[in-house]
Amino acid sequence: MEKLKQQFGVRATDSLFECGFYSRDMAPVPSLLVDPLFNTRPDIVVRPVDAVETAGILKTAFADNIPITPRAGASTVYFNSVPVKGGIVIDLNLIAGIEDIDEAAMTVTVRAGTTWLELEKYLNPLGFALKSFPSSAPAASIGGWFSMMGYGIGSIKYGSLLSQVQSIEVILPTGECRWLTNDTKPPLAWFAASEGTLGIITRLTLEIRRLSSMKHFLLAFTDVGEMRRALESIINAPVVPYNLHFADKRYALAMQSLGFSPSDTASSCTLGIDYEGSRAELDIVQNMIIRLFGDDRTIRLFPEEEARREWTGKFNALRLKRGGPSVLGGEIWLPVKTLPGYLADIKKKADCYGLDLISYGHVVTRERAAVMTLFYTNETRIGSYILDLAMVKKIHDVGYRHGGWPYGVGLWNTPYLGRIFTLPYLNELRLRKQMLDGRGIMNPGKLYRAPFFLNPVSFAVGMGTLAAVRRITGRSGRR
Amino acid sequence: MREIITKPFTGMEDEALICGRCGYCRSACPVYNVVGWESATPRGKIAKAKEIFSQGKQTELSAEFVQRMAQCTLCGACAQECSTGIDTRKMWLELRKRIAALGREPKAYKALRDNLQEKKNISNFSNDERLEWAQDLDDPAVLKPRAGAAVGYFVGCVSSFFPQAAQVPLAIAEIFSKAGVDFTSLGGEEWCCGFPLISTGFVDEARQFIRHNVDKIRQLGIHTLVASCPSCYSVWKEDSREALQGYDLEILHTTEYLVRLIKEGRLSLQEIPETVTYHDPCDLGRTSGIYDAPREIIRSIPGVRFVELPHHREQALCCGGGGTLQSVDAALAAKIARLRAGEIRSVGATVVVSACQQCEQMLTAAVREAKMPVRVLDVSQLVLEAMD
């Protein structure tokens, strides 16, 4: 640690004050639950400016078996970028900037700490655009989203981020720097969704597209079944949308009560559909939407201005939090075809536990949607808040019954590993980890197995007990 | 036209809880972009404020946190980006107030408050010397306080006492004279607008200054007030409402008034063959919603090639000079100004125009340090050049 401090000078700190800021991500988990179980405060935070410096840190950590936690935007909620065993946090935000655009190959090479919005803002004036990006683009880094599952806005048309990335520069736990492609050993695919547990990505070359015009539609349905039928019509139409997002009635009501949605979407499920392409394609789309929904009196087609406003607010779903002050919930990787059943069961669960459950999400492949279901609570009422935490598992249980599983693992979703991965695949992941990081210094405690206190059996018993107490006492953080 | 995004502010504790720690504020924050540590991010500061104030751990109000709270230009860029709609600028003002109430404010803030209470301005000069700059006018007496004038010019401390900024009030007075504006000033009875006190947490003390200035305006029977400093303007526009209740006072920034004069055909503007860019002052743009007036003025000058900076209007970068940052960390303020100078260089402007004397000082120092062949002018100076 002293060596790193000397080497990095003002770009390294072991100040207790500063390190404390690196001990959390977006998840509002009470210290009462975290501190006795995990050492989330790093011993030192270092801010390298490039791959060479990053490699130097990893060599030092490898030699001394010091845990490493990479961190950039820290815009996730599962402690993916929060240490659980202290050690070194590598803050990657200085490894940012665009290096090269290859117009012939339609690729851009970018440093991993660049945010998605920064890259899009760089590309657009040049006549290019990203194929896909996360709904947290103003904060999420390029490397960070690749290290997660990489599905978001644009994925339904252009596929996962993994399918768009041609090569990555990665620092392996030994400090070795490698350029990886689909044909190298290991292939770059190993690092997608690896959550920083195999190495640190410092550069990526990814595909881009020509900037094109867009057309936006916003539909409202009185019934979720109708919305699913509309979703299927859209998904199976010849022109694939760029973005397809939906929300249940509770979402519309909450947004409307906060003044963010048109009043006439309240008590409706909404479906936002965004297309990009040539003028001719957009004309086809316009006719197609009118043909599909224009005559159906049970479906409301909003003026394009409202639809465009929805698109403009695509990064701001967190506005919901104004109705909180706190929110808890789960993000489920759900089959599109089970969405109505999921939402119906969520409503039953809400009635059973006196919860106000709000759901919204994006259809990110023809088969799957990333669905967020959340509820309001108040983290300052610790006892009630802990009881409310049990409701998160209830949401995941509903998702599981409908063929879904948590989107992302980190620390907090390790109890669901058996739902997220098949055992052979989990064993394959563990084998990769063993091959590349046998000493287990890269982001330990995440992804591969649940820590003792989060093992599925005790977790289920604990959460079940809390849920029962909550149901019997009727206590919740909100009240 | 003023374009302000109004956001509800439900109180510091509640807003701190509403923060989702998404980090959208991070990239926009000029202080974070220079300092680089998570504790300098708006989300980091709100998280700590939540611990200290919402969760009642006031013992954790450390010197480091006080320093981070002082290392803020109050530029409001974070409020612009906030995904949960928090008016973070109000949050920072409220936190500085809380810190001052606990007697934990930086020494520089105390010194500033004591000086203001003694001198009634932010300089070391006696307030009687407020109109010293006017000695360079053909008729300095034109600024002598006079009841019943059509326009009251609120000069502001920086323009009044800092020689580098004196060209701004001189230009304004000369333009007003040439346009036949019936104007006056408060002379030695103009006190600091109160913004330095508000921005350092001494809100109660600021009220005395606000009340004094309002009383003097009422006594002179002035019904149109023009301020050239965006901070003074925002205090008059927002913080003086209570004191002004029942009194009809039109409050304008010089850019708004100059546009009016141009539209009325009272200013004859000649060609200026320059490439001009405009730096939006935070207190005029994001705080007060004035973006179009200065651009209209620049565009109305024949021969000017106007170019926008990469970050402009709502997304404009701060110059580093806001939020009383210079009094606690002048080096940080200068580094922020360098970021803006880099943008000015990138557009190839020969003149950078602003509408805030503090911004102009910061940018002048930054372009000089970078040895850039760029002139920094107030919009009024550009107008006067076009009139000569």
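With which residue does B:E38 form a salt bridge, and how far apart are the closest N and O atoms? Please set the answer in the context of the parts around that contact.

Modeller: The model is a predicted one, and what follows should be read accordingly. The partner of B:E38 is A:R71, and the closest N and O atoms of this salt bridge are 3.8 Å apart. The pair qualifies because a salt bridge requires a side-chain nitrogen of Lys or Arg within 4 Å of a carboxyl oxygen of Asp or Glu. Between chain B and chain A the count is 4 salt bridges. On the side of chain B that touches chain A, the elements giving two or more residues are α1, α2 (24-28), α3 (30-35), α4 and α5 of chain B. Of these, α4(B) provides the largest share, with 6 residues.

The interface as a whole may be described by its residues and its area. Chain B brings 35 residues to the contact and chain A brings 36 residues. Together the two chains bury about 2700 Å², and carbon and sulfur atoms account for 53% of that area.

Chain B is divided into domain 1 (12-105), domain 2 (109-261) and domain 3 (268-387). Within chain B, the C-alpha centres of domain 1 and domain 3 are 27 Å apart. The contact between these two domains of chain B involves 17 residues of domain 1 and 17 residues of domain 3. The area buried between domain 1 and domain 3 of chain B is about 1300 Å², with 65% of it from carbon and sulfur atoms.

Across this interface within chain B, between domain 1 and domain 3, there is 1 salt bridge. B:D283 and B:R89 form a salt bridge, with their closest N and O atoms 3.1 Å apart. The number of residue pairs in polar contact between domain 1 and domain 3 of chain B is 6. On the side of domain 1 of chain B that touches domain 3 of chain B, two or more residues come from each of α3, α6 and α7 of chain B. The largest share of that side, 5 residues, is given by α3(B).

Helix α7 of chain B deserves a description of its own. This helix covers residues 88-101, 14 residues in number, and reaches 20 Å from its first C-alpha to its last, close to the 20 Å expected at 1.5 Å a residue. B:R89 is among the buried residues of α7(B), as are B:T88, B:M91, B:W92, B:L93, B:L95, B:R96, B:I99 and B:A100. In chain B, the buried residues of α7(B) pack against α1 (12-18), α4 (42-54), α5 (63-70), α6 (77-81), α8 (107-119) and α11 (195-199). Just after α7(B), B:G103 adopts a positive phi of about 70°.

A:K249 belongs to helix α10 (residues 249-257) of chain A, and its relative accessible area of 36% makes A:K249 partly exposed.

Methods
Residues numbered from 1 in each chain as written. Chains lettered and ligands numbered in written order. Predicted model: local features only at pLDDT ≥ 70, side-chain atom pairs only at ≥ 80, totals over all residues. Heavy atoms only, no water. Helix = DSSP H or I, 4+ residues; strand = E, 2+ residues; numbered from the N terminus. Expected span 1.5 Å × (residues − 1). Buried < 20%, exposed > 50% of the residue type's maximum accessible area, 1.4 Å probe, protein only. Contact = heavy atoms within 4.5 Å. Buried area = accessible area lost by both parts, 1.4 Å probe. Domains from an automatic or database assignment. Polar contact = N/O pair within 3.5 Å; in protein donor to acceptor, adjacent residues only side chain to side chain.
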